[in-house]
Amino acid sequence: MATLTQVARLIKSELVLVSIIVLAIVIFALAIFGFISQDKTPKTPPGTAWQDKIYPGNTNVQQLESTLGQPQATREENGQIKYFYSSGNEFLPHEVSLSNNTVSIIKEQVIGTEKGNLDDYRQKFAPEENKIFGEHGTAAPGYFWGQRGILVFANQFDGTIMEIWYFEPTTISRFLSSYPELSLQEPRHF
Amino acid sequence: MPPATIAKKRVGALGVLAELETIEPLLAKHREEFQPKLANSLAPQIEKLLPILGVKNTPDQTVGEIAAETARQVFEDATKIQTVDQIDTIVADSLAQTVITHPQIGAQVKADETKIFEKAFEQTAAVAAQNQADLEKAAVLANLAQIASLDANNQNGKDQIAKSTAYTVETQGPLTTPAAQEEMKTTLSKYLTTYKQELFRQLAVSEEAIPTLADLQKAKENAHELINDKIKDFPQKDATGKPITPQITHRVLTTNFAKIQNLIPPAPPPATTKLPVGSGIILSNPKRVNEAYLSLLAFDQEKLAGALKETSAQIEKYKGKKSLNFKERKAYYSAQKQYERYVSAQAFQVKKAKRAQAYRTLFAQAFGGRVELASQNAWLAEQQLIGQMPRVFAANERLAAGTAFGKLGFSLAGFSPGSLLSKIESQILSIPKLGMGMGVNVVGGPVKGLLNKVKNITGAIFGGTALYFLSLGAAAFQGFVAGAAIGGLGGAAAGFWLATATGPLFPITVIPLTLGGFFVGGFVGGLAGGLIALGLASGSATAVSMGVGAGAGGTIGAVVGFNLGVAAGAGIMTALIGICIGSLVCAPFAPFLIAISPAIVTIFGAVGAAVGAVIGTLIGTFAGYLIGNYLINPIVSAIKGAINALEGGIGAGGGILGSIGSFLTGLASTVWGGISSIGGGVLGALTGGVNLVVGGLAALPLPAALPVVLLTAGPIGGAVFLTSVIISGTAVTFATIAIDEPTTIVTPGENQFFTLTKTAQPGTMGNNDLPSEIKFTITLRAKDTNLTNIQITDDLKVQKQSGTFTVSADKDGRPISPPCPGAAPPSLSANETWVCEFSIIADKQPPERDFSDSLVANTVTVRTTPEGQSEITDSNSATVIIGTPPTLCAFLDIQETWSQTERNNINEVCKTLDRSPKVISLLRNAGTINLIKDGARSDGVCGAVNGARTITIYCDISSLPFAKYVIIHELGHVISNYNGPTYQAFRASGAFQVEKLMPTYPFDVSSDPEVGPNESFAEMVTEYVVSKDYNHLARSWSGYPGGPWSNPGPGWTTFQSDRPLHFNFARDQIYGGVSY
């Protein structure tokens, strides 16, 4: 049985070798840890999440229901299922469209200033890629960040936000082909 | 005509085709032979009926006309007869409809349609019985002809299949893929084809062998079952192999279709739908049943708008004809009745939105929270009314609702008006159960007549209150049910006890005193329970305190009232006996008077107790409010503050306290739920379902019913009462059972958590008054929740023709944002109020501070986080007019191209809008607004806005009303372009969502995707000013009849009445209360 003194002498004489072995063990441990951590951390889907967890094109209906519960109402339109969740205003529910059991687009209704101002989004995402027009016309054009998967309908002068749409990142042309009611042209209403 | 015989023979495939082709001729031959005979049988009965209805000396020719037309309609409606016992209803219905729509007779009959039907039923029952065989044959052939005409390959068949598929998908598998839906249609197509072959193979119809209705129904059932066994190819998986909506089996699919198309016999609906406990209290009244039905119809606004449009078009079509035959008159009449019902639905939704929402809350719970399913089923019932029910049902609001909510409603795979409403049907005694095998259910006899009256009063008292509490939330409703049950039982027991004390008068007093006790006790208990539950759910100690006060006040009031009543009674009886003894005439009766005096005194006591209970309840409620508001809230706030401090001090201990709180809250919630259920059960037990006490009593002989009720009531009521006292005490401190929240309409400065007001003194002043002081007062009052992280900002702008400047300091040089620096609270306890006052000096110091001819607009904004809630922001404004503020025309850049008349009209528009400083203030935010004239456009558009504030007019505006209409509409767009919060508030007000696009807007919303809330906003802005003066064109898309919006046609009144949400928003948020 080797005494502690003998072990100390051995370590001292083979200091370089022991150091290399310790370093190798540390690196191996780090590699294993990193590998495990990588496996455990889910890859963040592209685009902007709604309510931190819901990613259009990625979140399925089961995940949606487990996150937000059962919708207040559902409706089918043109083969698409729509789930409606409370926004705090009884007349303007949030609308979540589903396509093949997966969230395709979310239309979040904004009441008050809880979602900030248009300028907040411009600071966060840089200037918008495009400005488009929908049912709010020039009262609240849509500010489109295709790569971020977000469209913010807001007043062009004071930045008051009306709606925010979340979708899977796409280009403006593809987006407009999916939503023909939107246009790049400024409407001239009667 | 030989009696119908049951077919025995069987035929092959070729025989089936032959059968199909022979049904129509058989029916036609039978009509030709039997219809005149039926008319002859009816004529004598019609002669008897008309005088009963108040029509005398009717010529024979007219009687003959009515008889012939009645017989014709019997054949037309023969497909509605599914069983023999429905025959008499259809005959009576045909006669009633003919009388009502007869050009001369109809006008003379004053009775309502239901009454006419009842009288007709009495006269035609014998005719129907005498001719039953021939009428049954007509029904069988008509049903077979209808089935034979249903072809999967023609457009009608395809439409019916698509409709049924859509219904099944929507109700039972909303995630079904389009491909799978196509497969479902193919399945139904195969089903229909095979079903028809099988049905006719089984029946083997021939002239000699017409089946009976019973045989027909049996064959339908057999064919349906056989086909269901045969069709096995309905896909259970989609193209990727994933299972799809496993609940849609081919049996569910085909059964839904078969029920809609009458391919299987009507069956009692499955009792799978459960309405919330206590619903029957609300639905015990026919008026509310009808309101409930209308609320469900109105939920689907798109469908309602379509139905309005369709029936309106039908009415117009018939109006446009020079003369109408009988068939057309009946169709016209039906369309009018339908139209009236849809208008009522629309009006109810608009005028009583909260009440409509309360009804839908009730039904949503029966459909797993999916209101749209309840609405969809109401619309299905509506379809059935038109196509499969006697016409008197479709034309009568109460019967229509009764059909939808009764067992006549057909069921579809568990979710249906039938299944939903069959449960209700048994609870609605007041809806006449007429015909269709149901028989007239008239409660007879003097005692039952009295009970019916009592039942109606019960429904009126408790139903209305229950509905009110339901509109405050499910918790308040449950509390009301529990409280009413407990109080009602206690009151009934007390009343019965008092009745026993009346001794010889017991047989006379037992019913009024017991029922009186039930009403009074139910009122006190319901009010107390509803308020306590509302308080628990919303965290309002004041509401809880009011509830406790109501209960305590009611009880104390009853005791005091009883004693006062007894004292008064004793005094009166003593005096009467004294007078009687002293009277020669009366003296012999004195012993009798003495004998009954204890009973009389007791009755006085009972009356005193009832009056005392009601008065005590009201006093107790008010006292509860004072105690809750001024005593409990400060104490609770102090306790919470202490707990918060303790949690902060002991770290982990906060978690423990939180856990204890959560546990107690959960416990309270669970036990409260139990109380509500028991309370509902008690009411149910008392009332025979939910028909309240009368239904239960009516089911038993009266003397037997009372002991049963009271013996059951005592122990349960006592136990529940004790439990509720314990739980209320616990819950007042700890529980915040957030079940739901009352609905609110957004108004500036008013929200669920606080009220924010801003005032200015004085509101106006002249230029000569300058310099002068203006005092602004801000009041922030927390509601029932503590407010934290309060941030207050203030913005004070002075708008002049030359521009706008901002005032940032008060007269003492202190900043006005945040206002009252150093005094603004970081938090505010529930029901606490913070007031801030500051003043500025309105100077006349050009150029920096010249207030002359200006509009001073001061807006305060509060951002806060209510305890346990997310952050909320709200604001409110006050304005001061000094001298003559800038007019609209001052910042309108009017080009030179306008004619003098047009220019004058533009000046008039300015003058009109100048009356409202608020609208000028909103427009002022746009800076200079350009007003350009351009050549006429080919598309008829008269005005447009581009570049956000450049208005181009393309039409001649020499007419002043038209100039106002067009220019103010375009200015409406400018307002929304430059006032984001105003446009956002418009969206949040629900005006567009509830009332849709303003009906005077020229274009159909569906034809232009860009038309939406923005256009409704602009149209609202102009209609507020011009609606009564401008001669609008008719708008075909909305049905607006044209002309000024002042009773322009049937179904229309004024802008304010027809579109109140739009009107109110314009009045308050655009024009600042100024009227035009």
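Tutor: The crossing of α31(B) and α35(B) is right-handed. This is a predicted model: local features need pLDDT of at least 70, side-chain atom pairs count only at pLDDT 80 or more, and totals for chains, interfaces and linings use all residues. Residues are numbered from 1 along each chain as its sequence is written, chains are lettered from A and ligands numbered from 1 in the order in which they are written, and side-chain values use heavy atoms, with hydrogens and water left out.

Student: What is the angle between helix α31 and helix α35 of chain B, and how far apart are their axes?

Tutor: Helix α31 (residues 980-988) and helix α35 (residues 1060-1070) of chain B pack at about 155°, and their axes lie 11 Å apart. Axes are lines fitted to C-alpha atoms over the stretch in contact, with angles from 0 to 180 degrees between N-to-C directions.

Student: Are α31(B) and α35(B) roughly parallel or roughly antiparallel?

Tutor: Set the angle of about 155° against the cut-offs: under 35 degrees is roughly parallel, over 145 roughly antiparallel, 65 to 115 roughly perpendicular, and the rest oblique. So α31(B) and α35(B) are roughly antiparallel.

Student: Which residues meet there?

Tutor: B:Thr982, B:Ala985 and B:Phe986 of α31(B) meet B:His1062, B:Phe1065, B:Gln1069 and B:Ile1070 of α35(B). Contact means heavy atoms within 4.5 Å. By class, that contact has 4 nonpolar, 3 polar and no charged residues.

**A sheet in chain B**

Student: What is the strand order of the open sheet in chain B?

Tutor: The order is β11-β12-β14-β13, and the pairing is mixed.

Student: Why are β11 and β13 of chain B placed at the edges?

Tutor: β11 (892-894) and β13 (943-946) of chain B each have a single partner strand, so one side of each has no neighbour in the sheet. Neighbouring strands of this sheet are turned by 20° against each other on average, direction ignored.

Student: How do you know that β12 and β14 of chain B pair?

Tutor: Two strands pair if DSSP finds at least two bridges between them. Strand β12 (residues 929-933) and strand β14 (residues 950-953) of chain B are joined by 4 bridges and run parallel. So they meet the rule. B:Asn930 has B:Thr950 of β14(B) as its bridge partner.

Student: Which helix packs on that sheet?

Tutor: Helix α30 (residues 960-978) of chain B does, touching β12, β13 and β14 of chain B.

**Strands of chain A**

Student: What makes strand β8 of chain A count as mostly covered?

Tutor: Buried means under 20% relative accessible area, exposed over 50%, and partly exposed in between. In β8 (residues 161-167) of chain A, 7 of its 7 residues are buried.

Student: Which strands are joined to β8(A)?

Tutor: Strand β4 (residues 102-109) of chain A is joined to β8(A) by 5 bridges, antiparallel. A:Ile105 has A:Phe167 as bridge partner. β7(A) is also joined to β8(A) by 5 bridges, antiparallel. There, A:Phe153 stands opposite A:Glu163.

Student: And how many bridges link β6(A) to β7(A)?

Tutor: β6(A) and strand β7 (residues 150-154) of chain A pair antiparallel over 4 bridges. They form a hairpin with 4 residues between them, and A:Gly149 in the turn has a positive phi of about 70°. From β6 (residues 142-145), A:Gly142 and A:Phe144 point one way, A:Tyr143 and A:Trp145 the other, and all are buried.

**Backbone exceptions**

Student: Do A:Asp52 and B:Cys820 count as buried or exposed?

Tutor: A:Asp52 has 70% relative accessibility, so it counts as exposed. B:Cys820 has 11%, so it counts as buried.

Student: Which peptide bonds are cis?

Tutor: Among them is the bond from B:Gln761 to B:Pro762, with omega near -5°. The bond from B:Ser817 to B:Pro818 is cis too, with omega near -5°. B:Pro818 lies in the loop between β5 (803-807) and β6 (833-842) of chain B.

Definitions and conventions. Helix = DSSP H or I, 4+ residues; strand = E, 2+ residues; numbered from the N terminus. Left-handed = near helix turned anticlockwise from the far one by under 90°. Nonpolar A, V, L, I, M, F, W, Y, C, P; charged D, E, K, R; others polar. Buried < 20%, exposed > 50% of the residue type's maximum accessible area, 1.4 Å probe, protein only.
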